Amino acid sequence: MTKKFGGFLLPVITILVLVNSARAASVEEFYKGKTLQFIVGGSAGGGYDTYTRLIGRHIGQYIPGKPAVVVQNMPGAGMLIAANYIYNSAPRDGTVIGNWSGPLIMQHMMGNPAVLFEGRKFGWLGMPTADAMVCMTTERSGIRSAEDWRKAKARVKLGGNGPGTPGTDDTKVLAAAAEFPLQVIEGYKGTADIRIAAETGELDGSCTLSWQSAKVTWANALKAKQVHVVLQMMLEPHPELKGVPLAVDFAKTDEGKKLLRIASEVYGKQRLYSLPPGVPEQRLRVLQKAFRATLKDPQFLAEAEKAKLEIDPIDGPGIEKMVNGLYEIEPAIVSRVKQILEAK
């Protein structure tokens, strides 16, 4: 019996090895001589752009065939232009990767007609880190703390990209749940543009930045105390921001606390890297593996540390689970969020 079982098993193993080798060869043959393109929904110089260009410098070595890698910015409409492009127009062959704002999925759930995608149908590679979203104000605004903000007689002007991004959506949720006086000024193409507008006095600040991005892209202003971190939008404080209060602690009602908890979950999962629907499963798995390997690469991590970019990755299956979970949020809460976001 043992000989017969062994005689049966050996051919099976041989066949599996040959099949896997053929698949690997097929992927290598496909990517050899090709260019892998990252489409970034934010403008050049912003946090999305910074992370993507770092990933782009290292990921090619982990993809069979070692394709060239380029990064293209496609800002506009709060990153919706990029997300819609990835879903509807990008080649579905594994040569284009999108990086856009995950909260746009909430816009799809609320029935925004401009959202031309279904979040559960993307192929997900992962994200480099969850975001610790913060509200920041400029020194010239006179707002140096959350208490200064709550006592402000005029509404604090905060920049946002548009629906589906934290600078717009969770800032409006904050206003409804905790009654901070604020005005959201929308239409900026990316966080770099918002930063410039704040530095020139056009804005008082923004809640669109994560601490991971702000401490890199706004490092000089933070050091010179030209800007201040006044509020954390997460449920748990970031270890580097001791003394900066949490927004949820200012919620007036149980509903307000629940809304801010959802905002923390939705808008803390932003920097999603996706493939269009329909990319061959084999290439999706290869790119997921390459993405994971890149974020563990010693040279990548050294470069990230030097640039002060936090790396605490979530893999593709983890993002898929998170996205599916968003679609299970109770309809009454989704409806309430929609009401808040559509209010003038």
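Strands here are DSSP runs of E, at least two residues long, numbered from the N terminus. In this predicted model, strand β9 covers residues 227-232 and takes in histidine 228. With a relative accessibility of 15%, histidine 228 falls under the 20% cut-off and so counts as buried. Its side chain makes a polar contact, at 2.5 Å, with the side chain of glutamate 139.

Next come the aromatic rings, with 12 aromatic pairs in the structure. One of them joins phenylalanine 30 to tyrosine 31 edge-to-face, with 4.9 Å from centre to centre and 85° between the planes. Both partners are buried, phenylalanine 30 at 14% relative accessibility and tyrosine 31 at 1%. Tyrosine 87 and phenylalanine 122 also pair up edge-to-face, at 5.2 Å centre to centre and 65° between the planes. Tyrosine 87 sits in helix α3 (residues 80-88) and phenylalanine 122 in the loop between α4 and β4, so this pair ties together parts 35 residues apart in sequence. Tyrosine 87 is buried at 12% relative accessibility, and phenylalanine 122 is buried at 6%. Ring pairs also link these two with Trp100, Phe117 and Trp124 into a cluster.

As for helix packing, α10 (residues 254-267) and α14 (residues 331-342) have axes that come within 11 Å and cross at roughly 90°. The two helices are therefore roughly perpendicular to each other. On the α10 side, Glu255, Lys258, Leu259, Ile262 and Tyr267 meet Ile333, Arg336, Val337, Ile340 and Leu341 of α14. By class, this contact has 7 nonpolar and 3 charged residues, with no polar ones.

Notes: Residues numbered from 1 in each chain as written. Predicted model: local features only at pLDDT ≥ 70, side-chain atom pairs only at ≥ 80, totals over all residues. Heavy atoms only, no water. Axes fitted to C-alpha atoms, helices over the stretch in contact; angles between N-to-C directions. Helix = DSSP H or I, 4+ residues; strand = E, 2+ residues; numbered from the N terminus. Parallel < 35°, antiparallel > 145°, perpendicular 65-115°, else oblique. Contact = heavy atoms within 4.5 Å. Nonpolar A, V, L, I, M, F, W, Y, C, P; charged D, E, K, R; others polar. Buried < 20%, exposed > 50% of the residue type's maximum accessible area, 1.4 Å probe, protein only. Polar contact = N/O pair within 3.5 Å; in protein donor to acceptor, adjacent residues only side chain to side chain. Phe/Tyr/Trp six-rings, centres within 6.5 Å; stacked < 30°, edge-to-face > 60°.
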